[in-house]
Amino acid sequence: MSRRKTELKAEGFTVRSGMRNSVVVGPPAAGAFRERPSKATNFRKFYERGDFPMALMHDSKGNRIAWKGIHDLLDHGGSKILPVIPQLIIPITNALNTRNRKVICTTLKALQHLVVSADMVGQALVPYYRQILPIFNIFKNVNINSGDGIDYSQRKRENIGDLIQETLEMFERYGGADAFINIKYMVPTYQSCMIN
């Protein structure tokens, strides 16, 4: 009679892992970069009520909807932007927590525009760095290494690592005296752009 040796898969540091025919299985992936599903929103209700800022554009090809996006609102918001900063933090955090790279890139561009859109907005964001910056710390070093190749995402500004660096530098420039300390607390590898 011949016995077949079967390998027993066991987790590390258990009684089974010390057995003769056991193979220790590595730990599961943590999933830090895995996309998370976005939460349901009230988009449909607001769309049907007509609450969205949009206009009907008439041109030679016919009529079409011209959405007035966040950048239009930030360009013309002026002094109305600063009072609504606390209401923007939860949607910004939810967008960053999806870990979808396109969503993060769009959110980073919107944050950059938000910081320069009105006076004191950069300083008003400093208390909320603890909600915003943890995702920055995760994706800060995610750069595309193309070697000698051409990285076309530079033109479109879709390289997430570069966008995070730009955003952190803008946070430091416009965030006042306490900005660097708070950024450094949440993103320890950040180097100041103002000290040099």
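The model is predicted, so local features need pLDDT of at least 70 and side-chain atom pairs count only at pLDDT 80 or more, while totals for chains, interfaces and linings use all residues. Residues are numbered from 1 along each chain as its sequence is written, and side-chain values use heavy atoms, with hydrogens and water left out.

The protein contains nine helices and four strands, taken as DSSP runs numbered from the N terminus (helices: H or I, at least four residues; strands: E, at least two). Read from the N terminus, the order is β-β-α-β-β-α-α-α-α-α-α-α-α. Of its 196 residues, 30% count as buried (under 20% relative accessible area, with exposed over 50% and partly exposed in between, for a 1.4 Å probe and protein chains only). Where contacts (heavy atoms within 4.5 Å) join residues at least 6 apart in sequence, 57% of them join residues at least 24 apart.

Now to the aromatic rings. A pair of aromatic rings is described by the distance of the centres and the angle of the planes. Rings of Phe, Tyr and Trp (its six-membered ring) pair if their centres lie within 6.5 Å; planes under 30 degrees apart count as stacked, over 60 as edge-to-face and the rest as tilted. The count by this rule is four aromatic pairs. One of them is edge-to-face, because the rings of phenylalanine 33 and phenylalanine 139 have centres 5.3 Å apart and planes at 80°. This pair links distant parts of the chain, 106 residues apart: phenylalanine 33 lies in the loop between β2 (22–25) and α1 (43–49), and phenylalanine 139 in helix α6 (residues 129–139). Phenylalanine 33 is partly exposed at 43% relative accessibility, whereas phenylalanine 139 is buried at 0%.

Tyrosine 129 and phenylalanine 171 form a stacked pair, because their ring centres are 5.2 Å apart and their planes are at 15°. Here helix α6, which holds tyrosine 129, is linked to helix α8 (residues 160–174), which holds phenylalanine 171, across 42 residues. Tyrosine 129 is buried at 1% relative accessibility, and phenylalanine 171 is buried with a relative accessible area of 1%. Tyr129, Phe136 and Phe171 make up one aromatic cluster.

Finally, the lining of the second largest pocket includes Arg36, Lys39 and Asn94. A pocket is an open set of points on a 1 Å grid over the protein atoms alone, where a 1.4 Å probe fits, with protein on both sides within 12 Å along at least five of seven lines; lining residues have an atom within 4 Å of a point.
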